[in-house]
Amino acid sequence: MNKKELAEFLRHRRETLRPRDVGLVEGPRRRTQGLRREEVAQLAGMSTDYYARLEQQRAPQPSVQITTALARALRLTLDERDHLFVLIGHNAPARFHRPSEHVCPTLMRVLDRLDDSPAMVQTDLFDTLAMNPLAVALLGDQTRHTGLARSGYYRWFMDPAERLMVPEETHERHGRAQAARLRAALTAGNDTPRAAQILAELQEHSPEFVRMWELQEVAQSYDDCKTILHPELGRIDVDAQLLYTEYRAQTLVVLTTRPGTESHSKLELLAVIGHQQLTP
C-alpha cells in the first residue's frame, strides 16, 4: 500500500469534483474547493474519520469492498479505478466481458442528475449496483442484499417479501419474465458461471421456478410497464426507460409516470417526502 501516493490521488480527485458532479446541491456559501471529506465518505458509505485518515496517510489498508466504493464515490474511470486498486495494494478487477462492481461512470453521471424520477443501475443478472434517493423511497434499498440474493431473479422465487411490491394478479407473468431473462443471461450474459449457480439453486428449491423454466421461454427485455405496490401510497404505475452500456453489462433503468395520473401525483408526493427526510 503506497500511503503517500494514495493520499495525494484521493485528495486530487476529491478537489476536482464539484457537488453537482455527484448529485449534491452546491450552496451559495460553499468555500471548499471540490468535495468535502465528509461528502466523499458519505458517497462511499464509510466514516468521515476513516476517509480523513486515508488522506492523512494514517489508515490501515482498505478492503476490496471499500476500494470499490471509493472508486464509485469519486466517479473514477476504469483506468483510474485500476490505479486506485494498485495504490491500495489489491489486484485490479478484470475488465472485459467480466462482471464488475464498478458502475459505468457515464451511467453514474446520468443517475446523479435524475432527481425527479426513480432510477437505478442494474446488471443482466438483475443485481442493483446503485440507486438514486427516489428509487430507494419507491422500492427500498435493493443494494443491501448479499450473495445470490443480490439477484432479483433469485429473490423473486426465494424471498416472499419480494412479491409484496407487485400485484398478485401479475405474479405469474412477472415470474415467467424473470425465468426468461435468466435463461438469456445464462447463455449470453456477462457472468454465466453465477447465472448457472442461481439456476441450480432455484431448480433445487423452487418448484414454481422449475415449472416456468420448463416453458423454454427466453427474453432480454425489461418490463416496460409495471405496477408497484408502495407500502404507504399503494399502487403506482410506472414506465421503464433503459440505457445500456456496451455488451449490456449494465443498464440504467429510469422509471417514469404519466403526467396527470394518480400515479404521477403519488410519485411527486414521494419525492417531496424523501427530500424532507434528507434535509437537516
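This is a predicted model: local features need pLDDT of at least 70, side-chain atom pairs count only at pLDDT 80 or more; totals for chains, interfaces and linings use all residues.
Close-up 1. Leu-182 touches Leu-125, Tyr-153, Ala-195, Ile-198, Leu-199, Leu-202, Phe-209 and Trp-213, leaving out residues up to four places away in sequence. Together with Phe-209 and Leu-255, Leu-182 touches the most other members of the largest nonpolar core, which has 35 residues. At least two residues of this core come from each of α7 (133-139), α8 (152-158), α9, α10, α11 (207-213), β4 (234-244), β5 (250-256) and α12 (262-278). In soluble globular proteins, nonpolar side chains tend to be buried together.

**Close-up 2. The crossing of helices α9 and α10.** Helix α9 spans residues 171-188, and helix α10 spans residues 192-205. Their axes come within 8 Å and cross at roughly 140°. The two helices are therefore oblique to each other. Their crossing is left-handed. On the α9 side, the contact is made by Leu-182, Ala-185 and Leu-186. On the α10 side, Thr-192, Ala-195, Ala-196, Ile-198, Leu-199 and Leu-202 take part. By class, this contact has eight nonpolar residues, one polar residue and no charged residues.

**Close-up 3. His-171 in helix α9.** His-171 has a relative accessibility of 15%, so the residue counts as buried. Its contacts are Trp-156, Arg-163 and Val-166, once neighbours within four places in sequence are set aside.

**Close-up 4. Thr-187, also placed in helix α9.** Thr-187 has a relative accessible area of 63% and is therefore exposed. The cut-off for exposed is over 50%. Val-218 is 31 residues away from Thr-187 along the chain. The C-alpha atoms of Thr-187 and Val-218 are separated by 9.9 Å.

**Close-up 5. The crossing of helices α2 and α3.** Helix α2 covers residues 37-44, and helix α3 covers residues 48-55. Their axes come within 8 Å, with a crossing angle of roughly 115°. The crossing of α2 and α3 is right-handed. Arg-37, Glu-38, Val-40 and Ala-41 make the contact from α2. Thr-48, Tyr-51, Ala-52 and Glu-55 make the contact from α3. The residues of this contact divide into four nonpolar, one polar and three charged.

Technical notes
Residues are numbered from 1 along each chain as its sequence is written. Side-chain values use heavy atoms; hydrogens and water are left out. Axes are lines fitted to C-alpha atoms, for helices over the stretch in contact, and angles run from 0 to 180 degrees between N-to-C directions. Helices (H or I, at least four residues) and strands (E, at least two) are DSSP runs, numbered from the N terminus. Angles under 35 degrees count as roughly parallel, over 145 as roughly antiparallel, 65 to 115 as roughly perpendicular and the rest as oblique. A crossing is left-handed if the near helix is turned anticlockwise from the far one by less than a right angle, and right-handed if clockwise. Contact means heavy atoms within 4.5 Å. Ala, Val, Leu, Ile, Met, Phe, Trp, Tyr, Cys and Pro count as nonpolar, Asp, Glu, Lys and Arg as charged, and the others, Gly among them, as polar. Buried means under 20% relative accessible area, exposed over 50%, partly exposed in between (1.4 Å probe, protein chains only). A nonpolar core is a set of buried Ala, Val, Leu, Ile, Met, Phe, Trp, Tyr and Cys residues joined through side-chain atoms within 4.5 Å.
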